[in-house]
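Hello,

Here is the structure I promised to pass on. Please open it and keep it beside this email while you read.

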Amino acid sequence: MIDNRLLLLLRKSRSVALKFSSSNSTSCNTFSPHFELSVQPQSRFYSSFQRIIPGASVTRSLVGRGLRSLLQNDIKNFCKPSFRNFSTSASISSKNTGGVKLLVTAGPKAQKAVGIWLFVSAAWVFSMVVLGGVTRLTRSGLSMTDWKFTGGLPPMSDDEWLVEFEKYKQSPEYKRINKGMNLDDFKFIYWMEYAHRMWGRALGIMFALPFSYFLRKGYITVGLGLRLSGLFALGAGQGLIGWWMVKSGLEEPPSEYTEPRVSPYRLAAHLTSAFAIYTGLFWTALSVVMPEPLAAESRVWVQGAAKVKRIALPVSILVGVTAVSGAFVAGNDAGRAYNTFPKMGDTWIPDGVLVLKPVIRNFFENTATVQLDHRILATASLCAIGGLWLYTRKLDLHPAIRSLIGSTMGMAALQVTLGVTTLLSYVPVSLGSAHQAGALTLLTFMILLNHTLRRPSLQLLKSLPCVVKAA
């Protein structure tokens, strides 16, 4: 008799737990990760258990653990902790992440240290891009006519400065553009280029030393170590690409009417490589501190994020292509031609946009075509981001994603405004540098958006509550 009543009571308790969890499925994220609220149904059950079954004080010790496990498992199946607890990787160990592969598994302090180091490295690359833009706009890039991988000390005496100045006087840039330049003016452009080169070498040291320390401590997993080694190798190669680019500007131009400048192809390769290093560092830093995407607290938000990602990825590629096309504008000095907007001079499409043969050369070497191409790509990027923003207004998304898309839209509008202002002002150094920094900032927003839109792990998807439309 007692056994039958006990079996009936077990079934009843399971039904109560199911109803309890179902009624709270729309607000499961209010439960703590340890499910502290589940203690109350258990205490009520124990009190009724003692009233129904005589001698329950004896049997409670036998079945208590099983009932507690049963109730907790029921609640865990229908109610999960807040997603924010999953995304805060600094407080998650490798055993309780539900199958998430952490890039740093030595604990929260190690994750925080590695994350800060990678974010600082990415910020350093950002500053390198800006400094490189200033160096180009001040025509300082060809002031140093030789290059050493490890670098060296700058001229320390008047005689050493005169030696460097004599080397520069042999270059095509001095003969055709800066002839008659005095020593003080030369020192200015020399210091600009020297600072750019040494800032890059300092980045290499700043990256290598912590990397070695974290490897020795065992903070970094094999996968992360391989990824960072590849980025370090790309950074070392960036110095070689930079000299390869500068060397093209030290050669005699093919025509006496052509200004000496670096090859636009090599400039584009140098800038694209810098963007790739920055993207890799920034994405990896985000993955270290946020192994799970931020934006899921219900499956409906995951589905909304998946819809956005299908559009955000091609938009990001378009933004990247637009930034690379800007390198060809800089390489051909096309920003100082057709300084009107929206028309290029008196026409929408200037004459001679396809005069070079083969035709493909015009998109990389023809000043008119390069600028027209950049205008079209920039307008397309603005329209694409605007379309993405309008599309997402009808979707049920996490507030963080919605805010991020709005910020990206604002940055895109600001970048186009900077570009037009720079063009109309005949490319002053301040605006030109701001426009280049704006391109990388917009790319940063797109990287952050795509990282936030990642699909959660399978274990996390299983733990999400039922699909409920957010109020």
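Helix H13 passes helix H14 in a left-handed crossing. Keep in mind that this is a predicted model.

H13 covers residues 367–392, and H14 covers residues 399–424. Packed helices are described by two things: the angle between their axes and the distance between the axes. Here the axes come within 9 Å and cross at roughly 155°. Angles over 145 degrees count as roughly antiparallel. H13 and H14 are therefore roughly antiparallel to each other.

Which residues meet? On the H13 side they include Gln 371, Arg 375, Leu 382, Gly 386 and Trp 389. On the H14 side they include Arg 402, Ile 405, Met 409, Ala 412 and Leu 423.

**Aromatic rings**

How many aromatic pairs does a search of the whole structure find? It finds 26. Trp 147 and Phe 149 form an aromatic pair, with 6.1 Å from centre to centre and 85° between the planes. Planes over 60 degrees apart count as edge-to-face, so this pair of Trp 147 and Phe 149 is edge-to-face.

Are these two residues buried or exposed? Trp 147 has a relative accessible area of 23%, so it is partly exposed. Phe 149 reaches 52% relative accessibility, so it counts as exposed. The cut-off for exposed is over 50%.

There is also an aromatic cluster. Its members are Trp 161, Phe 165, Tyr 168, Tyr 174, Phe 186, Tyr 190, Trp 191 and Tyr 194. Take a look at Phe 165 in particular. The charged end of Lys 169 sits over the ring of Phe 165, 4.6 Å from the ring centre.

**Two single residues**

Start with Ser 273. You will find Ser 273 in helix H10, which covers residues 264–289. Its relative accessible area is 8%, so Ser 273 is buried. What does Ser 273 touch, leaving aside its neighbours within four places in sequence? Ser 273 is in contact with Leu 234, Gln 238 and Ile 241.

Now turn to Val 222. Val 222 lies in helix H9, residues 222–249. At 66% relative accessibility, Val 222 counts as exposed. Val 222 and Val 104 are 118 residues apart along the chain. Their C-alpha atoms are separated by 9.7 Å.

Best wishes

Definitions and conventions
Residues are numbered from 1 along each chain as its sequence is written. This is a predicted model: local features need pLDDT of at least 70, side-chain atom pairs count only at pLDDT 80 or more; totals for chains, interfaces and linings use all residues. Side-chain values use heavy atoms; hydrogens and water are left out. Rings of Phe, Tyr and Trp (its six-membered ring) pair if their centres lie within 6.5 Å; planes under 30 degrees apart count as stacked, over 60 as edge-to-face and the rest as tilted. Buried means under 20% relative accessible area, exposed over 50%, partly exposed in between (1.4 Å probe, protein chains only). A charge sits over a ring if NZ of Lys or CZ of Arg is within 6 Å of the ring centre and within 35 degrees of the ring normal. Axes are lines fitted to C-alpha atoms, for helices over the stretch in contact, and angles run from 0 to 180 degrees between N-to-C directions. Helices (H or I, at least four residues) and strands (E, at least two) are DSSP runs, numbered from the N terminus. Angles under 35 degrees count as roughly parallel, over 145 as roughly antiparallel, 65 to 115 as roughly perpendicular and the rest as oblique. A crossing is left-handed if the near helix is turned anticlockwise from the far one by less than a right angle, and right-handed if clockwise. Contact means heavy atoms within 4.5 Å.
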